[in-house]
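Hi everyone, thanks for coming. Could you put the structure up on the screen for me, please?

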Amino acid sequence: MGKEVLIDEETISKRIIQLADQINNDYKGEKLTLVCILKGSLYFYADLSRKINLDTELEFIRVSSYEGENSTGKIDFKLDLDEEVTNKNVIVVEDIVDTGNTLDSLLKHLKKQKPKSLKLCTLLDKKDRRETEVPIDYVGFKIPNHFVIGYGLDLDQKYRNIPEIYCFIEDEEREQLNEDRERIVLQLKYGNRR
Ligand code: IMP
């Protein structure tokens with residue numbers, strides 16, 4: 001088992017500019033509240049928010065949803081919003097959507113506060129693993145079912161500060177990895193808006 005780059009720094013930053021352009025267009029003339037889901041989305045959030053040229057408020061939430069290895073969907077707030085998001089345009093900024101259970105619970109929680117609008121932006125989408133469908137409005141990269149680390153993502157709290165996104169693969173998966181990388185770079189060219 002080895003650690004290999006799946007998405008390099010340049011590809012990440014180019015895609016973030018594209019996502020920010022979409023958001024700047026979609027919310028032209030509006031105020032925006034960007035909600036960072038700590039800890040995993042810290043770098044994505046920091047880089048994306050600095051490319052957004054709207055009147056923007058920054059908010060932070062930290063939840064834990066895992067019991068052991070399993071995503072339960074029951075979320076426990078370690079840090080909640082400073083202020084409720086009633087009547088605000090909210091974009092939740094996530095690092096990766098995996099089973100979807102955490103975000104499903106979080107979106108239900110935020111909807112109760114009656115925001116003016118509520119959208120979801122994730123850097124990575126591991127769609128094959130989905131257990132609960134969540135509506136994702138802005139997707140950085142759709143990725144195959146690899147466990148990924150770096151650029152905020154961790155394994156037991158390690159590797160978050162690596163600037164690229166890595167995955168762990170077996171030797172025999174190397175050829176497949178090249179295909180996965182090509183498919184990721186194509187998303188820069190063609191986007192993947194839903
Ligand atoms: P979900 O409820 O399964 O969608 O959980 C999403 C959360 O699980 C993410 O915000 C990450 O913190 C974590 N996660 C899921 N997949 C990975 C991965 O490949 N690497 C690191 N963390 C992951």
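Let's start at the ligand: strand β5, residues 89–97, gives the most to the shell around it, with 3 residues. Both β5 and helix α3 supply at least two residues each. Helices and strands here are DSSP runs, numbered from the N terminus, with at least four residues (H or I) for a helix and at least two (E) for a strand. Keep in mind that this is a predicted model, where local features need pLDDT of at least 70, side-chain atom pairs count only at pLDDT 80 or more, and totals for chains, interfaces and linings use all residues. Residues are numbered from 1 along each chain as its sequence is written, and side-chain values use heavy atoms, with hydrogens and water left out.

So who sits around the ligand? There are 16 residues, and D95, T99, G100, T102 and V148 come nearest; to be near, a residue needs a heavy atom within 4 Å. Now some polar contacts, meaning pairs of N or O atoms within 3.5 Å; within protein, one must be able to donate a hydrogen and the other to accept it, and residues adjacent in sequence count only if both atoms are side-chain atoms. The side chain of T99 has an N or O atom 2.5 Å from a ligand oxygen. A backbone N or O atom of D98 is 3.0 Å from an oxygen of the ligand, and one of V148 is 2.6 Å from a ligand nitrogen. The protein covers 88% of the 490 Å² of accessible area that the ligand has on its own (Shrake-Rupley method, 1.4 Å probe; for residues, only the protein chains shown count as cover).

Next, T122 in strand β6, residues 117–125. Is T122 buried or exposed? At 0% relative accessibility, T122 counts as buried; buried means under 20% relative accessible area, exposed over 50%, and partly exposed in between, with a 1.4 Å probe and protein chains only. A polar atom of the T122 side chain lies 2.8 Å from the backbone oxygen of L124 and 3.5 Å from that of D95.

Last stop, helix α4. Which residues of α4 are buried? They are L177, D180, I184, Q187 and L188. These cover an arc of only 105° around the axis, which puts them on the same side of α4; the arc is that of the directions from the helix axis to the C-beta atoms. The face turned away from that buried side carries the exposed E175, E182, K189 and Y190. Just after α4, G191 takes a positive phi of about 70°.
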